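Have the model open as you read.

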Amino acid sequence: MKFRRLGKTNLKISEISLGTWQVGGKWGSGFDDNKAEHIINTAIDQGINFIDTADVYENGLSEAAVGRVVRSRSEEVYVATKCGRQITPHVDAGYTVKALRKYVEDSLKNTGLERLDLIQLHCPPTDTFYRPEIFRLFEDLKQEGKIANLGVSVEKVEEGLKAMQYDNVTTVQIIFNVFRQRPAGLFFREAEKNDIGIIVRVPLASGLLTGKFDQNSSFDKEDHRNFNRNGEAFDKGETFSGIDFEIGLQAVDELKSIFPKVENLAPVALQWILQHPQVSTIIPGASKVEHLMSNLSLYERPDLTSEEIEKMNAVYTEKIKPLVHQKW
């Protein structure tokens, strides 16, 4: 495992970490505690020391599983969770100091931890980023010893840029992958200038960048890749990075032509992300141990060549960029 610094938190964390949205099973399959604990324990066995969860993942079951495993281990493992998505309807008016304080305190109880290493606002509405009182709350929680660091998870580059203006924001979690390249511009430059840790989510474009889907692929009715392709339930950019599935398959075919001997594109896609030094860590999800080990197999591959990177970027420029670049 290789490690990188998480911005001004000064934490040294694994560059491949673990996202736990689906750690208890595939989307729509329900939550299996044993499966979740097996995946999390295996991740730690492999050197991963940063785990990202949220209070809304399986109604707190993911958070609880992460807490149980981390408390049972002797290694120092950093836990990041998120708050705010319980607010219904999910609008700016629902973001109050009182509500957010309760969510943080509930996460402490749920994980069984004395302090959260990183608490992140969970993709709040854009207007919330313009309310200093919301960000001041987390300074109070830090003084009380309930959190160590504050971060934000965002949908849009603009939200990340605004969040950086608050001194106590230490990290920004953002979608970034071969099919979502806009953050590599102004956002990365400003993050570097402000010493912001960048946590990359949705690195495989909801599995699209594994290269394992085709025209006949189907998804469970409870799987967002089935019901949220046009943003019916939440931001469209969360599903296949906002790309039309058919167009995404065509672009993946072009990526496959660059790596004709590679059956699994996932480690290649992760390598592409890691060649950006501003990235602190990537948090791919895993609904089974095999997914976790697939992600970590990038360390068995040769480094990407400049020619391969150039060709991968050309696929984005020609196939994807005109459709999505300015949307997020």
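Axes here are lines fitted to C-alpha atoms, for helices over the stretch in contact, and angles run from 0 to 180 degrees between N-to-C directions. Helices (H or I, at least four residues) and strands (E, at least two) are DSSP runs, numbered from the N terminus. This is a predicted model, where local features need pLDDT of at least 70, side-chain atom pairs count only at pLDDT 80 or more, and totals for chains, interfaces and linings use all residues. Residues are numbered from 1 along each chain as its sequence is written, and side-chain values use heavy atoms, with hydrogens and water left out.

**Overall picture**

The chain has 11 helices and 10 strands. A compact globule of 328 residues would have a radius of gyration near 20 Å, and the chain, with 19 Å, agrees. That radius is taken over C-alpha atoms, and the globule rule is 2.2 Å times the number of residues to the power 0.38. Along its principal axes, the C-alpha trace spans about 55 × 40 × 40 Å.

**Helix against helix**

Two packed helices are described by the angle between their axes and the distance between the axes.

| Pair | Angle | Axis distance |
|---|---|---|
| α1 (residues 33-45) and α2 (residues 61-72) | about 50 degrees | 9 Å |
| α1 and α10 (residues 289-296) | about 25 degrees | 9 Å |
| α2 and α3 | about 50 degrees | 7 Å |

For naming the angles, under 35 degrees counts as roughly parallel, over 145 as roughly antiparallel, 65 to 115 as roughly perpendicular and the rest as oblique.

Take α1 and α2, packed at about 50 degrees. That makes α1 oblique to α2. The crossing of α1 past α2 is right-handed; a crossing gets that label if the near helix is turned clockwise from the far one by less than a right angle, and left-handed if anticlockwise. Contact means heavy atoms within 4.5 Å. On the α1 side you'll find D33, A36, E37, I40, N41 and I44, meeting A65, V66, R68 and V69 of α2. Those residues split into 6 nonpolar, 1 polar and 3 charged. In this scheme Ala, Val, Leu, Ile, Met, Phe, Trp, Tyr, Cys and Pro count as nonpolar, Asp, Glu, Lys and Arg as charged, and the others, Gly among them, as polar.

H38, I39, T42 and A43 of α1 touch V289, L292 and M293 of α10. That contact has 5 nonpolar, 2 polar and no charged residues.

Then there's α2 with α3, at about 50 degrees, which makes α2 oblique to α3. E63, A64, G67, R68 and R71 of α2 meet S107, N110 and T111 of α3. By class, you get 1 nonpolar, 4 polar and 3 charged residues.

**The sheet**

Strands of a sheet pair through backbone hydrogen bonds, either parallel or antiparallel. This open sheet has 8 strands in the order β3-β4-β5-β6-β7-β8-β9-β10, with parallel pairing. Two strands pair if DSSP finds at least two bridges between them. At the edges sit β3 (18-19) and β10 (279-282), each pairing on one side only. Strand β7 (residues 150-153) is joined to β8 (residues 169-175) by 4 bridges, and G151 stands opposite T171 in β8. Helix α3 (residues 97-111) packs on the sheet, touching β5 (78-83) and β6 (118-122), and its direction makes about 145 degrees with that of β5. Helix α6 (residues 186-193) lies across β8, β9 (197-201) and β10, running at about 145 degrees to β9.

Most residues other than glycine have a negative phi, and most peptide bonds are trans. The T88 to P89 bond is cis, with omega near -5 degrees; P89 is in the loop between β5 and α3. N10 is not a glycine, yet has a positive phi of about 65 degrees, and lies in the loop between β1 (3-5) and β2 (12-14).
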